Amino acid sequence: MTTAYVGRRRRGELVVTRRPEGTELTPDRSLDLVNHSPSGFEVGYRGSGPAQLACALLLDYYDDEQFAREHYIAFRNQVVSQLECDGAAACWHLPGEEIDAAMATLTDDVVALADGGRPSPTLPENWRTVSRPDRRVFQRADRDHYIVLGDGTDEWLVVLCSQGDRAYPAPLAHRTVVEEADVERVIQELAEESNDLIEPPEGEH
């Protein structure tokens, strides 16, 4: 029997159950990744409650933290914002096949830039390279900041963006760099710009 998620109201609060196991999905695990709505889930609009549910669903279904972090905003916007507790049963039903189908159309929403396969710069300690099949992404470990490298016809587009509780991505800065320029240096500059923009709290690593 394939996995599916069912949502219904219980004393006004949205309760989400995974079938066929019958286990109740809670925000706890997803809160370790993104903290939008500790109080619970919601559906039907593009807000904090739906964002938390989107992350929790992807994390539970795919069991991949990186994948959930990268795609939950787009998944919220296309899928969770459309769910409603209506009809005769006053609930919504989301089969795993529909999640797979949605994600197949959402891969370009993260940042639709081609993966040029280079460069490999030396980044600050709180940054790491994330290899994706269709793009090159550098991720800040302590904040929702990403640097995305796009390979154009005769130039690179380097974008520093933040996920946040809004449509992804939210550009913070970008550079357009000709092919023969020092792309590694530009990526390093954007990483430093991110570090200067939002420093981690004291004691946080």
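Which residue forms a salt bridge with R185, and how far apart are the closest N and O atoms? The partner is E189, and the closest N and O atoms are 2.5 Å apart. This is a predicted model, and the points below describe its salt bridges and its aromatic pairs.

**Salt bridges**

- The count of salt bridges in the model comes to six, among them the one between E189 and R185.
- E189 and R185 both lie in helix 5 (residues 183-197), where they are four residues apart, or about one turn of the helix.
- E189 is partly exposed at 33% relative accessibility, and R185 is partly exposed as well, with a relative accessible area of 41%.
- R18 and D60 meet through their side chains in a salt bridge of 2.7 Å, N to O; because R18 lies in strand 2 (residues 13-19) and D60 in helix 2, this pair ties together parts that are 42 residues apart in sequence.
- R18 counts as buried at 17% relative accessibility, whereas D60 is partly exposed at 24%.
- A network of salt bridges links R18, E21 and D60.

**Aromatic pairs**

- Three aromatic pairs are found in a search of the whole structure, and one of them is the edge-to-face pair of Y5 and Y61, with 6.5 Å centre to centre and 75° between the planes.
- This pair links distant parts of the chain, since Y5 is in strand 1 (residues 4-10) and Y61 is in helix 2 (residues 48-62), 56 residues apart.
- Y5 is buried, with a relative accessible area of 0%, while Y61 is partly exposed at 22%.
- Ring pairs join Y5, Y61, Y62 and F67 into a cluster.

Notes. Residues are numbered from 1 along each chain as its sequence is written. This is a predicted model: local features need pLDDT of at least 70, side-chain atom pairs count only at pLDDT 80 or more; totals for chains, interfaces and linings use all residues. Side-chain values use heavy atoms; hydrogens and water are left out. Rings of Phe, Tyr and Trp (its six-membered ring) pair if their centres lie within 6.5 Å; planes under 30 degrees apart count as stacked, over 60 as edge-to-face and the rest as tilted. Helices (H or I, at least four residues) and strands (E, at least two) are DSSP runs, numbered from the N terminus. Buried means under 20% relative accessible area, exposed over 50%, partly exposed in between (1.4 Å probe, protein chains only). A salt bridge is a side-chain nitrogen of Lys or Arg within 4 Å of a carboxyl oxygen of Asp or Glu.
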